[in-house]
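Here is a walk through one chain and its contact with a partner. Keep the 3D view open as you read.

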Amino acid sequence: MSKFAKKKDGDVPAVSTASLPDIVFMLLFFFMTVTVMKDSTLKVENTLPNASETKKLEKKDRVIYIYVGKPTSQYEKVFGSEPKIQLNDKFAGPSEVGDYILQERAKKAQELQNVLTTALKVDKNANMGLISDIKQELRKVNALKVNYTTYEGDAFMNLNR
Amino acid sequence: MARRAGAPEVNAGSMADIAFLLLIFFLVTTTIETDAGLDRMLPPIEPPDTDVVIKQKNIFQVNINKNGQLLADEELIDLKNLRAKAMEFLDNGGDGTCSYCKGRKNAESSDNPSKAIISLKNDRETKYGTYITVQNELVGAYNDLRNRESQRLFGRDFTDMEAEYLNPETSSSLKDELKEKVKSIQDLFPQKLSEAETSTSN
């Protein structure tokens, strides 16, 4: 009868979803800005070891990546289960590392060619023998600045696998 | 009755759906990059022209065998004690020329931090994880000592200063100032970490 009686039918008012797009867009922009598209698909297992005394690797354009690890289950049949080196998108032996570095170096701008860093992304279960071979190759082509890429964390966690 | 005033409103109800679709796509493709690690310099391949004679006591030998056991200065030690042992060696100041060293001045150990060399040797079968742990501890030993001196001289941590110096967002005037400080601390404890070729024997 009165105009106040109408609201009293026990209904909870619907939550307005008008701002939902705004919230979602906010999230969307966040992820769009932090996204880095992977330039090469990993064909090796790559659980990096932990270290606490790390330094940040600034400036992505000055970094050449080398991946080392056991081939993933998909490639295990063809390439075996011994740790392998992955350069760009293919498996390679230690002797190809030098050529790869020279090739990548030639692709970079002239002024950057002397300040390149080689980032070694090595699975923590790989053997040092392979790493030593890579290091030897790197020395041959005078790519002396290396960065052993690791996760941030307690270094002693590497010991128990 | 048809509305005449203005164009009809576009229904924005599906906007959220479209945004969600994009959001999920970026969520899936995102990898927050893990670009941090231990920076090391490899030795150049050509041997130095002059043979430098280094006293045995100025070398701290670290050997890792294929089982991940550690031999430091001919003593089997636990990895957890490596940092303390390396610091003791670097900070020793045996010949008394080092004014800032707080070590025990043991005549059998290193003369001066600038002469002290840590030599790392590993087996081909050593696990990479173990190797990184050892590297981490040795770099940590240097960092701890440098932090100590940096706290004494400038009242802040060396690692903190160095990170700010390397950060590209730091202004250049601040960078110049930091460069001096970083350099002076680095000179107090120069990082001399040599890596021998790996051994194949066990």
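Chain A has a radius of gyration of 25 Å, whereas a compact globule of 161 residues would be near 15 Å. That radius is taken over C-alpha atoms, and the globule rule is 2.2 Å times the number of residues to the power 0.38. Along the principal axes, the C-alpha atoms of chain A fill a box of roughly 95 × 40 × 35 Å. Of its 161 residues, 29% count as buried (20 or more other C-beta atoms within 10 Å of the residue's own, with C-beta atoms placed from the backbone).

This is a predicted model: local features need pLDDT of at least 70, side-chain atom pairs count only at pLDDT 80 or more, and totals for chains, interfaces and linings use all residues. Residues are numbered from 1 along each chain as its sequence is written, while chains are lettered from A and ligands numbered from 1 in the order in which they are written.

Chain A holds four helices and seven strands. Helices (H or I, at least four residues) and strands (E, at least two) are DSSP runs, numbered from the N terminus. The order from that end is α-β-β-β-α-β-β-α-β-α-β.

Now turn to the partner. The contact takes 52 residues from chain A and 47 residues from chain B (residues touch if their C-beta atoms, placed from the backbone, lie within 7 Å). On the chain A side, helix 1 of chain A gives the largest share, nine residues.

Strand 2 of chain A runs antiparallel to strand 1 (residues 36–41) of chain B, joined by two bridges; pairing requires at least two DSSP bridges. Lys56(A) has Ala36(B) as its bridge partner there.

Conventions
Two residues are in contact if their C-beta atoms, placed from the backbone, lie within 7 Å. A residue is buried if 20 or more other C-beta atoms lie within 10 Å of its own, exposed if 12 or fewer, and partly exposed in between; C-beta atoms are placed from the backbone.
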